[in-house]
Number of protein chains: 2
Amino acid sequence: MPACPLCASDGGQLVWRDERLRVVLPDEPDYPGFTRVVWHAHVAEMTDLPAADREALMRAVWAVEAAQREALAPDKVNLASFGNMVAHLHWHVVPRWRDDRNFPESVWGPAATGRGEAVGARRRAVRERLPAYLALLQARLG
Amino acid sequence: MPACPLCASDGGQLVWRDERLRVVLPDEPDYPGFTRVVWHAHVAEMTDLPAADREALMRAVWAVEAAQREALAPDKVNLASFGNMVAHLHWHVVPRWRDDRNFPESVWGPAATGRGEAVGARRRAVRERLPAYLALLQARLG
């Protein structure tokens with residue numbers, strides 16, 4: 001079994017952490033603002049965690065969603081926890097726009113066609129707001 | 001704006017409901033056991049809900065995950081809430097197997113190749129366990 005990448009590293013730029021979990025900004029060039037909430041311990045499923053830990057993890061997910069909505073004003077927020085490739089509990093919190101690369105498909109689905117210029121302009125606009133987003137998120141996480 | 005399909009119908013075979021939410025088994029032929037938890041009210045984002053409602057919704061999601069693990073023994077459970085096409089709050093709870101149609105991609109990603117026979121055998125085996133799964137899930141949801 002190969003070493004787990006989320007045990008070996010943070011999995012992105014560290015935004016915030018406490019004793020149980022961390023919030024990171026992974027390198028997802030098509031999706032500025034894409035944020036992950038990673039449980040520190042190597043656990044596969046939400047129902048492997050005691051209820052109090054599940055609640056703590058979801059509170060962080062809601063804080064990320066709320067900060068994205070306030071600072072980035074996406075058209076939609078997408079939430080997902082798969083773990084098919086890396087079975088170490090982590091949540092994807094993805095701000096979505098109607099003109100992004102895959103909308104209305106998930107970011108793991110087929111890319112839309114004829115969206116090159118809109119995608120570039122959107123990415124630049126979102127990237128400009130990232131410092132404000134990260135500052136707000138850190139304030140919210142406390 | 002077109003009528004919302006999750007306001008117009010249950011969105012699948014009704015497994016359980018209370019005053020706030022319902023659990024349905026949609027018609028997903030490639031994925032027997034694929035279950036959705038649907039909030040009754042037309043709300044777009046988790047952070048549109050008060051915390052107590054968010055907790056009630058996630059408790060149902062965890063109950064579905066736990067029943068899938070106990071009755072269907074999947075290799076992994078996938079959780080997602082997108083709402084890009086239908087912006088009415090609903091969670092996908094998807095039991096996954098290493099030989100299913102898309103593994104390790106999400107079920108919204110590209111299909112794997114060379115998996116025809118395994119997929120058919122897996123689907124039949126899971127379908128046989130669905131009555132036990134639904135009975136357990138209803139018992140858990142109370």
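Chain A can be laid on chain B with an RMSD of 0.0 Å, by a turn of 180° and a shift of 0.0 Å along the axis. That is the relation of a two-fold axis. Keep in mind that this is a predicted model. In general, two copies of a chain are related by a rotation about an axis and a shift along it.

## Where the chains meet

How many residues does the contact take from chain A and from chain B? Chain A gives 30 residues, and chain B gives 30 residues. Of the interface residues of chain A, 100% are also interface residues in chain B, so the copies meet through the same surface.

Chain A and chain B bury about 2700 Å² between them. Carbon and sulfur atoms account for 54% of that area. Three residues of chain A stand out here: Trp62(A), Lys76(A) and Asn84(A) supply 23% of the area that chain A buries against chain B, more than any other three residues.

## Helix 2 against helix 2

Two packed helices are described by the angle between their axes and the distance between the axes. Start with the pair that links the chains. Helix 2 of chain A and helix 2 of chain B, residues 51–72, have axes that come within 12 Å and cross at roughly 125°.

Now look inside each chain. In chain A, the axes of helix 2 (residues 51–72) and helix 3 (residues 116–141) come within 9 Å and cross at roughly 140°. That makes helix 2 of chain A oblique to helix 3 of chain A. The crossing of these two helices of chain A is right-handed. On the side of helix 2 of chain A, the contact includes Ala60(A), Ala63(A), Val64(A) and Leu72(A). On the side of helix 3 of chain A, it includes Val126(A), Tyr133(A), Leu136(A) and Leu141(A). By class, this contact in chain A has 13 nonpolar, 1 polar and 3 charged residues.

In chain B, helix 2 and helix 3 (residues 116–141) pack at an angle of about 140°, with their axes 9 Å apart. Helix 2 of chain B and helix 3 of chain B are therefore oblique to each other. Their crossing is right-handed. Among the residues in contact are Gln68(B) and Glu70(B) of helix 2 of chain B, and Arg129(B) and Arg140(B) of helix 3 of chain B. The contact of helix 2 of chain B with helix 3 of chain B has 13 nonpolar, 1 polar and 3 charged residues.

## Backbone details in the loops

Most residues other than glycine have a negative phi, and most peptide bonds are trans. The table lists some exceptions.

| Site | Feature | Value |
|---|---|---|
| Phe103(A) to Pro104(A) | cis peptide bond | omega about 5° |
| Phe103(B) to Pro104(B) | cis peptide bond | omega near 5° |
| Ala73(A) | positive phi, not a glycine | phi about 50° |
| Ala73(B) | positive phi, not a glycine | phi about 50° |

Where is Pro104(A)? Pro104(A) lies in the loop between strand 5 (90–96) and helix 3 of chain A. Pro104(B) is in the loop between strand 5 (90–96) and helix 3 of chain B. Ala73(A) sits in the loop between helix 2 and strand 4 (76–81) of chain A. Ala73(B) is found in the loop between helix 2 and strand 4 (76–81) of chain B.

Notes. Residues numbered from 1 in each chain as written. Chains lettered and ligands numbered in written order. Predicted model: local features only at pLDDT ≥ 70, side-chain atom pairs only at ≥ 80, totals over all residues. Heavy atoms only, no water. Axes fitted to C-alpha atoms, helices over the stretch in contact; angles between N-to-C directions. Helix = DSSP H or I, 4+ residues; strand = E, 2+ residues; numbered from the N terminus. Parallel < 35°, antiparallel > 145°, perpendicular 65-115°, else oblique. Left-handed = near helix turned anticlockwise from the far one by under 90°. Contact = heavy atoms within 4.5 Å. Nonpolar A, V, L, I, M, F, W, Y, C, P; charged D, E, K, R; others polar. Least-squares fit on C-alpha atoms with pLDDT ≥ 70 in both. Buried area = accessible area lost by both parts, 1.4 Å probe.
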